[in-house]
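Subject: Model for you to look at

Hello,

Here is the structure I said I would pass on. Please open it alongside this message.

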Amino acid sequence: KNKTPKAFILENVSHLRNHDNGRTFKRISQSLINLNYTFNYEILRASDFGLPQHRPRIYMVGFYKPRKDEYGF
């Protein structure tokens, strides 16, 4: 909240999406939206990119999008 980067990349285990019946991921998502970020996520596996390991991870990429009222519009 204090830093407000223009963009971010978050990475975690793929099961984050289902942790606590999805409540953990929903809380993270809602927090990012409340901080004026848009974001998408994808589960990627290292083996899909030619690496010799099967290690699915969730990647979340987001961008800061200030509300118009923050600039007085």
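Predicted model: local features only at pLDDT ≥ 70, side-chain atom pairs only at ≥ 80, totals over all residues.

Residues are numbered from 1 along each chain as its sequence is written, and side-chain values use heavy atoms, with hydrogens and water left out.

Strands

Helices (H or I, at least four residues) and strands (E, at least two) are DSSP runs, numbered from the N terminus. Two strands are called paired if DSSP finds at least two bridges between them. Strand E1 covers 7-13, E2 covers 37-45 and E3 covers 56-64. E1 pairs with E3 in the antiparallel sense, over seven bridges. Within E3, Arg 57 stands opposite Val 13. E2 and E3 also run antiparallel, and they are joined by nine bridges. Tyr 59 in E3 is the bridge partner of Glu 42.

Helix H1

H1 (23-34) has 12 residues and spans 16 Å from its first C-alpha to its last, close to the 16 Å expected at 1.5 Å a residue. The expected span is 1.5 Å times one less than the number of residues.

For burial, the cut-offs are under 20% relative accessible area for buried, over 50% for exposed and in between for partly exposed (1.4 Å probe, protein chains only). By that rule Phe 25, Ser 29 and Leu 32 are the buried residues of H1. Seen down the helix axis, they fall within an arc of 65°, so they line one face of H1. The arc is taken from the directions from the helix axis to the C-beta atoms. In general, an α-helix has 3.6 residues a turn, so residues three or four places apart point the same way.

What covers the buried residues of H1 includes E1, E2 and E3. On the other side of the helix, Lys 26 and Arg 27 are exposed. Lys 26 has a relative accessibility of 62%.

Core

A nonpolar core here is a set of buried Ala, Val, Leu, Ile, Met, Phe, Trp, Tyr and Cys residues joined through side-chain atoms within 4.5 Å. The largest one has nine residues: Phe 8, Leu 16, Phe 25, Leu 32, Tyr 37, Phe 39, Ile 43, Ile 58 and Met 60. H1, E2 and E3 each supply at least two residues of this core. E2 gives the largest share, three residues. Nonpolar side chains tend to be buried together in soluble globular proteins.

Contact means heavy atoms within 4.5 Å. Setting aside neighbours within four places in sequence, Leu 32 is in contact with Phe 8, Leu 10, Tyr 37 and Phe 39.

Phe 8 and the aromatic rings

Phe 8 lies in E1 and is buried, with a relative accessible area of 13%. Not counting residues up to four places away in sequence, Phe 8 touches Leu 32, Tyr 37, Phe 39, Met 60, Val 61, Gly 62 and Phe 63. Phe 8 and Gly 62 are 54 residues apart in sequence, yet 5.4 Å apart in space, C-alpha to C-alpha.

Rings of Phe, Tyr and Trp (its six-membered ring) count as a pair if their centres lie within 6.5 Å; planes under 30 degrees apart are stacked, over 60 edge-to-face and the rest tilted. The count comes to three aromatic pairs. In one of them, the ring centres of Phe 8 and Tyr 37 are 5.4 Å apart and the planes are at 75°, so the pair is edge-to-face. Phe 8 lies in E1 and Tyr 37 in E2, so the pair ties together parts 29 residues apart in sequence. Tyr 37 is buried, as is Phe 8. Together with Tyr 64, these two form one aromatic cluster.

Backbone points

Which residues other than glycine have a positive phi? Thr 4 is one, with phi near 50°, and Asn 36 is another, with phi near 70°. Thr 4 is in the segment before E1 and is partly exposed, at 33% relative accessibility. Asn 36 sits in the loop between H1 and E2 and is buried, with a relative accessible area of 12%.

Regards
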